[in-house]
Amino acid sequence: MMTWSYEAFESMNSGREGVTEMELRVRGKLEDLGPRAEYAKVVMTNIVGGAARAVVFYPEKVFSLPAITSIGKWVKGDVNTIADDRDTERLKEEMYQEINELLNALTDVQAARSKVSATAYKKGYSTITIWYPTEIS
């Protein structure tokens, strides 16, 4: 079974400047991954009044998957954290680790074909969601 890892980035620049910085850092990471980037997952958020963030989840080794003819039911798993807590850095890191654990718990086919999304709120909860297929043929 494939092992997944992640790298998280943060910019204290908010707005477009922070997002642009994250885009450049994500592009650099994807280029560093080479062929492993084929199945990498990227999420980015820009918290209003706070840091822009990006996370790249990626497989530790290059692998290939067989062609598929159909994908059936999709399931989601998500992790939430409070966006404006005093210990935001630790909570964000724990959220990234939990998504990484979910990726590592899936089969190689499920993890490689999964989709990841994120939300960010000025006040309230931030969420990262992983969508993965349960039926693949």
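A cavity here is a set of grid points where a 1.4 Å probe fits but cannot get out. Keep that in mind for this tour of a predicted model.

**Stop 1: the cavity.** Search the whole structure and one cavity of 30 Å³ or more turns up. The largest cavity holds about 80 Å³ of space. Select Thr45, Met95, Tyr96, Ala118 and Ile128: of the 14 lining residues, these lie nearest its centre. Now colour β2 (41–46), β3 (52–59), α2 (88–105), β5 (115–119) and β6; each gives the lining at least two residues. By class, the lining has eight nonpolar, four polar and two charged residues.

**Stop 2: Thr127.** Go to strand β6, residues 125–133, and pick Thr127. Its relative accessible area is 14%, under the 20% cut-off, so Thr127 is buried. Show side chains: Thr127 makes a polar contact with the side chain of Asn80 at 2.5 Å.

**Stop 3: the rings.** The count comes to three aromatic pairs. Select Tyr6 and Tyr96: the ring centres are 6.1 Å apart and the planes sit at 65°, so this pair is edge-to-face. Tyr6 is in strand β1 (residues 4–11) and Tyr96 in helix α2, so the pair ties together parts 90 residues apart in sequence. Both residues are buried.

**Stop 4: Tyr39 and Phe63.** Here the ring centres are 5.0 Å apart and the planes are at 25°, so the pair is stacked. Tyr39 sits in the loop between α1 (15–33) and β2, Phe63 in the loop between β3 and β4 (74–82). Tyr39 and Phe63 are both buried.

Technical notes
Residues are numbered from 1 along each chain as its sequence is written. This is a predicted model: local features need pLDDT of at least 70, side-chain atom pairs count only at pLDDT 80 or more; totals for chains, interfaces and linings use all residues. Side-chain values use heavy atoms; hydrogens and water are left out. Helices (H or I, at least four residues) and strands (E, at least two) are DSSP runs, numbered from the N terminus. Buried means under 20% relative accessible area, exposed over 50%, partly exposed in between (1.4 Å probe, protein chains only). A polar contact is a pair of N or O atoms within 3.5 Å; within protein, one must be able to donate a hydrogen and the other to accept it, and residues adjacent in sequence count only if both atoms are side-chain atoms. On a 1 Å grid over the protein atoms alone, a cavity is a set of points where a 1.4 Å probe fits but cannot get out, and a pocket is an open set with protein on both sides within 12 Å along at least five of seven lines; lining residues have an atom within 4 Å of a point. Grid points are joined across faces, edges and corners, and a volume is the space filled by probe spheres set on the points. Ala, Val, Leu, Ile, Met, Phe, Trp, Tyr, Cys and Pro count as nonpolar, Asp, Glu, Lys and Arg as charged, and the others, Gly among them, as polar. Rings of Phe, Tyr and Trp (its six-membered ring) pair if their centres lie within 6.5 Å; planes under 30 degrees apart count as stacked, over 60 as edge-to-face and the rest as tilted.
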